[in-house]
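Student: I am new to this structure and would like to go through it step by step. Please show it to me before we start.

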Amino acid sequence: MYTGKKLGVGHNWQGFEIRRNKLVLPTGRELEPQQILTAVALLEIECDTDKRTLTKLMRLVRALSMMKIAQR
């Protein structure tokens, strides 16, 4: 993997990078590959209420992420 490299060229990838074999989120949190796979598996086990909750949660996470990026 490339260390310290930014991911993608689109606006959706702003703030993401790979550092020391981990995905670094715009919030600064570092994720290992197993954590990403676990999150994807949990997202695949969903019901209608989970979808609504996830939609609201993702809106909040994106807003917080944009606030953190704007403060840099």
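**Overall make-up**

Tutor: Buried residues account for 11% of the 72 residues in the protein chain. The model is a predicted one.

Student: In what order do the elements of the protein chain run from the N terminus on?

Tutor: The protein chain holds 2 helices and 4 strands. Read from the N terminus on, the order of these elements is β-β-β-β-α-α.

Student: What share of the accessible surface of the protein chain belongs to carbon and sulfur atoms?

Tutor: The accessible surface of the protein chain comes to about 6,200 Å². The part of this surface that belongs to carbon and sulfur atoms is 60%.

Student: Among contacts in the protein chain with a separation of 6 or more, what percentage is accounted for by residues 24 or more positions apart?

Tutor: The count takes in contacts in the protein chain with a separation of 6 or more. Within that set, residues 24 or more positions apart account for 14%.

**The largest pocket**

Student: Which element gives the most to the lining of the largest pocket?

Tutor: The largest pocket holds about 1,000 Å³ of space. The elements that give two or more residues to its lining are helix H1 (33–44) and helix H2 (48–71). With 8 residues, the element that gives the most is H2.

Student: How many residues of the lining of the largest pocket are nonpolar?

Tutor: The largest pocket is lined by 25 residues, and Phe-16, Leu-25, Pro-26, Met-58 and Val-61 lie nearest its centre. In the lining, 6 residues are polar and 2 are charged, while the number of nonpolar residues is 17.

Student: Is Glu-17 buried or exposed?

Tutor: Glu-17 lies in strand S2 (residues 17–19). Its side chain makes a polar contact with the side chain of Arg-19, at 3.1 Å. The cut-off for a buried residue is under 20% relative accessible area. Because the relative accessibility of Glu-17 is 17%, Glu-17 counts as buried.

Student: What is the phi of Asn-21 near?

Tutor: Most residues other than glycine have a negative phi. Arg-20 has a positive value, near 50°. Asn-21 also has its place in the loop between S2 and S3. The phi of Asn-21 is positive too, near 60°.

Student: Which residues does Lys-22 touch, not counting residues up to four places away in sequence?

Tutor: Lys-22 is found in strand S3. At 25% relative accessibility, Lys-22 counts as partly exposed. Leaving out residues up to four places away in sequence, Lys-22 touches Glu-17, Glu-30, Leu-31 and Glu-32.

Student: How far apart in space are Lys-22 and Ile-36, C-alpha to C-alpha?

Tutor: In sequence, Lys-22 and Ile-36 are 14 residues apart. In space, C-alpha to C-alpha, the distance between Lys-22 and Ile-36 is 10.0 Å.

Key: Residues numbered from 1 in each chain as written. Predicted model: local features only at pLDDT ≥ 70, side-chain atom pairs only at ≥ 80, totals over all residues. Heavy atoms only, no water. Buried < 20%, exposed > 50% of the residue type's maximum accessible area, 1.4 Å probe, protein only. Polar contact = N/O pair within 3.5 Å; in protein donor to acceptor, adjacent residues only side chain to side chain. 1 Å grid on protein atoms, 1.4 Å probe; cavity = no way out; pocket = protein on both sides within 12 Å on 5 of 7 lines; lining within 4 Å. Points joined across faces, edges and corners; volume = space filled by probe spheres on them. Nonpolar A, V, L, I, M, F, W, Y, C, P; charged D, E, K, R; others polar. Contact = heavy atoms within 4.5 Å. Areas by Shrake-Rupley, 256 points an atom, 1.4 Å probe, with all protein chains shown as cover.
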